[in-house]
Amino acid sequence: MHTELFLKGRLRHELASQEKTWLEEAVGRTIWLEPRQTLVERGERIDHSYYIIEGTVLRHRDDRKGERQLVGLNVPGDFVDLHGFPMKRLDHNTTALGRVHLAEVPHSAIAKLLERSTHLARALWFSTLLDAAMHREWIFRLGRLNAEGRIAHLVCEIIERLKFVDLYDGRNLPVPLLQRDYAEACGITPVHANRSFRILKERGVLEPHGEGRIEILDEAELKRLGEFCGDYLYGEGMLALDSFEDRDEQASR
């Protein structure tokens, strides 16, 4: 199934078998993007949303000089632009990091899903709220942490999100962000990013290996440096997800 990782590790109760089938049937087609290929441009009218099967998609805004600010990223199991369903356009660009495999879901199919299941509708809504929670955390990171802390926090977030979908082996970060990508996500220059990675290496928390490959040596210290607490990712078992425990209970009364 293309959509089997949707909200994996996030919900106390998984989607019902029928709901999973409906979500899978909503996929119109699958496409591949090449590294650094643009998916959707800012302001572009859209009539479908994309779900990531494999790879990483970057969200970014570019200034008048062409300088880029990363404002988010999405990994397998995420919808890249589900909020485009009600809004009909994006206020930022989306670009493939490496090679990316995507499932294209027409907005007409999403509308049908919302009519079929209130629980599935809440799950899709929950997905967009997760994006909002991560955006708030990115603002905190940029406003309150130093350069090393910002990088450490971002790495920790990526690790945590990959753990949800069983794509982290405990050592190697499989998201090949370059140092310039970290600079664009953390509001620093590439030179400053390079210096910060050197400091993190000297502290013994990670080891860069080139071409975006990073080996994690001390995850606990990385979390401390980044003041990272993953509660905003709403992982499985958190009290905040109790509402999913009684899905459609009121409707059955």
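Predicted model: local features only at pLDDT ≥ 70, side-chain atom pairs only at ≥ 80, totals over all residues.
Three strands form an open sheet in the order 1-7-3, and their pairing is antiparallel. Strand 1 (29-33) and strand 3 are the edge strands, each of which pairs on one side only. From one strand to the next, the twist averages 35°. Helix 3 packs on this sheet, where it touches strand 3 and strand 7, and the direction of helix 3 makes about 65° with that of strand 7.

Strand 3 covers residues 48-54 and is mostly covered, since five of its seven residues are buried. Its partner is strand 7 (residues 100-106), with which strand 3 pairs in the antiparallel sense over six bridges. Within this pairing, His-48 stands opposite Pro-106 in strand 7.

**Two helix contacts**

Helix 3 (residues 107-116) and helix 4 (residues 118-144) pack at an angle of about 125°, and their axes are 5 Å apart. Because of this angle, helix 3 counts as oblique to helix 4. On the side of helix 3, the contact is made by Leu-113, Leu-114 and Arg-116, while helix 4 contributes Thr-118, Leu-120, Ala-121 and Leu-124. By class, the contact of helix 3 with helix 4 has five nonpolar residues, one polar residue and one charged residue.

A further contact joins helix 5 (residues 147-164) and helix 6 (residues 179-186), which pack at an angle of about 105° with their axes 10 Å apart. Helix 5 is therefore roughly perpendicular to helix 6. Here Arg-150, Ile-151, Leu-154 and Val-155 in helix 5 meet Tyr-182, Ala-185 and Cys-186 in helix 6. By class, the contact of helix 5 with helix 6 has six nonpolar residues, no polar residues and one charged residue.

**Aromatic pairs**

A search of the whole structure finds five aromatic pairs. A pair of aromatic rings is described by the distance of the centres and the angle of the planes. The table sets out two of the pairs in these terms.

| Pair | Arrangement | Centre to centre | Angle between planes |
|---|---|---|---|
| Phe-6 and Phe-79 | edge-to-face | 5.6 Å | 85° |
| Tyr-182 and Phe-197 | edge-to-face | 5.0 Å | 75° |

The pair of Phe-6 and Phe-79 links distant parts of the chain, 73 residues apart. Phe-6 lies in the segment before helix 1 (17-25), and Phe-79 lies in the loop between strand 5 (68-74) and helix 2 (84-87). Both Phe-6 and Phe-79 are buried. Ring pairs also bring in Tyr-51, linking Phe-6, Tyr-51 and Phe-79 into a cluster.

Technical notes. Residues numbered from 1 in each chain as written. Heavy atoms only, no water. Buried < 20%, exposed > 50% of the residue type's maximum accessible area, 1.4 Å probe, protein only. Helix = DSSP H or I, 4+ residues; strand = E, 2+ residues; numbered from the N terminus. Pairing = 2+ DSSP bridges. Axes fitted to C-alpha atoms, helices over the stretch in contact; angles between N-to-C directions. Parallel < 35°, antiparallel > 145°, perpendicular 65-115°, else oblique. Contact = heavy atoms within 4.5 Å. Nonpolar A, V, L, I, M, F, W, Y, C, P; charged D, E, K, R; others polar. Phe/Tyr/Trp six-rings, centres within 6.5 Å; stacked < 30°, edge-to-face > 60°.
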